[in-house]
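Here is a short walk through a two-chain model, written for someone who would rather look at the structure than at tables. Keep the viewer open as you read.

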Amino acid sequence: MSDKVQLDTKPSKITREKDAWILHFPRFGEAGTHYHTYGLLTPYFQGLGEGRLMATRCVSSKCPIGKGRGDLWLPPRADCPDCHQPMDWEEIKDPRGYIYTYTHVERGGTGLEIECPYYQIDVKMEGVGTIPKSYLVDRKPIKIGDKVRAQFRTGKKATNTCLDLFWELA
Amino acid sequence: MIEFQPGNLNVPRWTRPVYMVAAGTTDFRKRYPEKKLDELSMMAFRMLLEENDLKMDPQEVKGLINFACYGEFADHFQDQLLCEAKVHDYLGLDPLPNVGIKTGGATGGSTLLMGATTVASGMADCVLVLGWERMDEVKTWTGNFYIASAACKDFETRLARNYASYYAPMARRFQEMYNVDERVRAEIAVKNRGYARFSPFSQQPGRHTIEEVLEGDIVSDPLRFLECCAMSVGSSAALLCSEELATRLTDKPARLYLAGGSHTLRTGDRRPMRILLLPNETEDDYKELYREMKAQDGRWPGFESFGATRFAAYMAYHMAGIRNPLDDFDLIETHDAFTISDLQTYGDVGLTLYGREQDYVTSGDCYLSNPHTGKQGRCPANLSGGLLGTMHAVGATGIFQAGEVLWQLQGKYDKFHGDSKLWERYGKRKPDDWQSLQVKDPRRGMAISHAGVGSHVVCSILEKGW
């Protein structure tokens with residue numbers, strides 16, 4: 001087994017309708033495809049394939065929580081749950097964080113595209129209010145508090161899913 | 001919502017009291033090819049009508065029902081939409097109205113909650129609450145994927161497709177934050193699976209040791225095989241009614257108080273909040289915890305606790321006049337889908353302070369017989385065998401738990417667990433070393449029904465009616 005976690009998957013087919021990416025998910029073969037839209041979160045998934053981590057921020061001065069400059073949301077959401085106004089997109093440059101918690105996945109459910117075993121990690125980042133879940137490419141033993149930096153599957157390697165973001169030990 | 005406005009904390013005020021008078025259930029199995037889903041539901045319904053010592057004959061009781069609420073977790077598993085219509089018809093209840101209710105693992109509790117509100121509002125006088133799940137049409141690992149469809153499909157399902165892997169990071173963080181000995185988690189598995197040995201309904205009874213749990217295969221580190229519940233098939237039912245009907249139907253009804261809470265599908269989206277205090281807590285109780293959280297970059301409820309459970313308990317306690325849960329409850333059923341969720345819950349429902357959950361378990365108060373004193377624990381937990389030992393046929397679970405609490409309050413543990421004929425009904429033999437797990441003179445109990453990684457929770461308080 002290699003010391004880096006591999007994916008066992010093919011890039012998901014994407015079509016575009018206006019600004020939205022539509023993910024093709026062939027559950028029952030071609031004819032039984034689910035067409036799942038990324039909707040207003042399309043910039044996030046598009047960004048991953050281009051090596052950019054895009055988050056959203058509430059900048060509404062009327063927001064009772066953000067008060068004009070809320071924390072970043074990751075996973076992003078298009079609208080602020082506190083004031084219900086559309087949020088702004090912002091790129092997180094050179095994304096780094098630390099492992100807030102983790103598990104070592106020995107076996108996943110049917111259809112898992114990540115080669116087991118691997119670490120599923122929850123990453124805390126400065127300025128981000130949420131603690132997004134992802135996976136670690138390294139197989140070395142880890143502990144809470146270990147520093148990590150973001151990596152991306154880009155270009156032809158992109159799966160066009162959340163798996164295009166992963167982390168390596170910094 | 002991370003800050004409450006005054007209206008958000010208004011306590012539900014039902015317009016009339018609601019009672020639970022009867023319960024019924026199947027046994028639970030990993031596979032149940034002998035019966036179809038509607039046939040299993042009939043088993044639970046029949047037990048409810050015929051075996052609860054109701055003061056009317058089954059036909060008369062059925063003649064009182066004027067609404068039904070059905071709980072089913074996942075259409076994926078049943079591979080049938082509108083199961084409610086099939087079951088309702090099969091039970092011979094058409095053309096009475098019914099609704100289907102779905103809130104993941106908390107479906108059973110939510111179904112009870114909705115059933116109770118139909119009585120509380122006057123829409124129904126007597127309501128059947130019945131739930132089921134059939135998880136044996138697919139292999140376990142496909143079942144795990146189905147369950148993981150109850151994680152966020154855009155951002156989390158692809159990261160495991162196995163629900164234990166969403167609980168395991170909570171276990172990891174809880175363990176490190178509160179310095180928990182993993183033997184405590186293992187002890188919970190041993191206790192609940194041990195209690196399941198005395199239940200004819202149980203799917204995974206076992207006399208295990210802490211060492212055996214810890215030496216078991218890892219499902220998702222740190223959770224071991226015996227710390228996780230299994231795929232399950234079965235059905236459970238409850239009969240709820242008005243006070244006037246309760247008087248006519250039984251001398252031993254339980255008054256119900258139910259409330260729910262919810263909190264984000266993704267654990268990491270739970271932004272920091274001030275701890276919502278229960279009646280037995282003060283801000284001072286948590287000064288040190290807030291300091292520790294600051295030092296460890298922690299947050300409440302974070303990965304360690306369930307805000308939805310705390311919110312549901314807050315509301316239900318105010319409805320029922322609970323001042324101190326450890327004094328006021330005589331037993332509790334937690335949603336121990338994983339050992340860690342049982343442990344986390346003791347803080348959420350205020351049986352102990354946050355951060356002291358481990359001490360609560362080792363105190364022995366969650367045992368029927370406290371291993372340190374030999375006396376009855378102050379609030380025995382999961383005498384039914386819980387999800388780990390007895391069942392998690394998801395849509396039935398919250399209803400099954402409430403039924404077990406009802407029978408305890410009625411003093412009927414032995415009737416429903418100790419009768420050799422009941423064991424034989426399910427093709428089992430009553431163990432020679434069978435023990436009664438009847439709590440001595442219980443007055444009040446609670447069942448906690450819990451979804452996702454804490455996305456929905458319903459607390460059902462049952463109190464001896466009179």
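This is a predicted model: local features need pLDDT of at least 70, side-chain atom pairs count only at pLDDT 80 or more; totals for chains, interfaces and linings use all residues.

Let's start with what it takes for two strands to pair: DSSP has to find at least two bridges between them. Residues are numbered from 1 along each chain as its sequence is written, and chains are lettered from A, with ligands numbered from 1, in the order in which they are written.

Strand β4 (residues 53-57) of chain A pairs with β6(A) in the antiparallel sense over five bridges. Leu53(A) sits opposite Ile92(A) of β6(A). Both strands belong to an open, antiparallel sheet of three strands in the order β5-β4-β6 (chain A). β5 (72-73) and β6 (88-92) of chain A are at the edges with a single partner strand each, so one side of each has no neighbour in the sheet.

**Where the chains meet**

Call two residues in contact if their C-beta atoms, placed from the backbone, lie within 7 Å. On that basis, 29 residues of chain A touch 29 residues of chain B. On the chain A side, β7 (96-105), β8 (118-124) and β9 (133-136) each supply at least two residues, and β7(A) gives the most, with five. That side divides into 11 nonpolar, 12 polar and six charged residues. Here Ala, Val, Leu, Ile, Met, Phe, Trp, Tyr, Cys and Pro count as nonpolar, Asp, Glu, Lys and Arg as charged, and the others, Gly among them, as polar.

**Chain B: overall build**

Chain B has 19 helices and 11 strands. Its radius of gyration (over C-alpha atoms) is 20 Å, close to the 23 Å that the globule rule (2.2 Å times the number of residues to the power 0.38) gives for 466 residues, so chain B is as compact as a globular protein of that length. Its C-alpha trace spans about 65 × 50 × 50 Å along the principal axes.

A residue is buried if 20 or more other C-beta atoms lie within 10 Å of its own, exposed if 12 or fewer, and partly exposed in between, with C-beta atoms placed from the backbone. By that count, buried residues make up 59% of the 466 in chain B. Arg13(B), in the segment before β1 (19-25) of chain B, counts as exposed because it has 7 C-beta neighbours inside 10 Å.

**The sheet in chain B**

Nine strands form an open sheet with mixed pairing, in the order β3-β2-β4-β7-β1-β8-β11-β10-β9 (chain B). Its edge strands are β3 (98-101) and β9 (331-333) of chain B, each pairing on one side only. Within this sheet, β8 (254-262) and β11 (456-464) of chain B run antiparallel and are joined by nine bridges. Leu256(B) has Leu462(B) of β11(B) as its bridge partner.

**Helices in chain B**

Which residues of α14(B) (339-348) are buried? 10 of its 10 are, among them Thr339(B), Leu343(B) and Tyr346(B). Their cover includes α7 (164-177), α12 (307-320) and β10 (444-450) of chain B. Just after the helix, Gly350(B) takes a positive phi of about 80°.

Elsewhere, the axes (lines fitted to C-alpha atoms over the stretch in contact, with angles from 0 to 180 degrees between N-to-C directions) of α5(B) (107-121) and α17(B) (394-409) come within 5 Å and cross at roughly 65°. Their contact residues divide into six nonpolar, seven polar and no charged.

Technical notes:
Helices (H or I, at least four residues) and strands (E, at least two) are DSSP runs, numbered from the N terminus.
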